[in-house]
Amino acid sequence: TAGMGLPAITVFIFFGVICGPFVLGIMKASQFSGMNWLNDVALAFIGMSAGGKLHLHEVRQNLRAALSVLFGTTMCTYFGSVASTMLFGVYFIPFLEH
């Protein structure tokens, strides 16, 4: 993956899609029901891998910018959700009509 410039996780996801039931059909959809534990293990592996690539001195340098982006994203999501619910909620949530 280093030659292509892609992270390893991108290649893993790509081959997972190719081998899955919708492309080559190597694995059938019915086989996935017993594999939920594998999703949990894979998610833990991805989290540990991403966490291992964080360098504390780089995080400290960019902390203010990262917190600003986090705060802005959180506020936009919150106020966007409230506004959407107030504008369109009467069509989807019956108790808002009264």
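Predicted model: local features only at pLDDT ≥ 70, side-chain atom pairs only at ≥ 80, totals over all residues.
Local features here need pLDDT of at least 70 and side-chain atom pairs count only at pLDDT 80 or more, while totals for chains, interfaces and linings use all residues. Residues are numbered from 1 along each chain as its sequence is written, and side-chain values use heavy atoms, with hydrogens and water left out.

Let's start with the largest pocket, which has a volume of about 150 Å³. A pocket here is an open set of points on a 1 Å grid over the protein atoms alone, where a 1.4 Å probe fits, with protein on both sides within 12 Å along at least five of seven lines. The volume is the space filled by probe spheres set on the points, which are joined across faces, edges and corners.

Who lines it? P7, A8, I9, F12, F45, I46, S49, A50 and K53 do, a lining residue being one with an atom within 4 Å of a point. Both α1 (8-19) and α2 (36-52) put in at least two residues each, and α2 has the largest share, with 4. Helices are DSSP runs (H or I, at least four residues), numbered from the N terminus. By class, the lining has 7 nonpolar, 1 polar and 1 charged residues; Ala, Val, Leu, Ile, Met, Phe, Trp, Tyr, Cys and Pro count as nonpolar, Asp, Glu, Lys and Arg as charged, and the others, Gly among them, as polar.

On the surface, I9, F12, I13, V17, F22, V23, L24, I26, F45 and I46 make up a nonpolar patch with about 1100 Å² of accessible area together. Such a patch joins nonpolar side chains (Val, Leu, Ile, Met, Phe, Trp, Tyr) within 5 Å, from residues with over 30% relative accessible area and no salt bridge (a Lys or Arg side-chain nitrogen within 4 Å of a carboxyl oxygen of Asp or Glu). Areas come from the Shrake-Rupley method with a 1.4 Å probe. This time α1 gives the most, with 4 residues.

L24 sits in the loop between α1 and α2 and is exposed at 56% relative accessible area (exposed means over 50%, buried under 20%, partly exposed in between). S30 lies in the loop between α1 and α2; its C-alpha is 41 Å from that of F79, 49 residues apart along the chain.

Terms used: Patch = residues over 30% accessible without salt bridge, like charges linked within 9 Å, V, L, I, M, F, W, Y side chains within 5 Å. Buried < 20%, exposed > 50% of the residue type's maximum accessible area, 1.4 Å probe, protein only.
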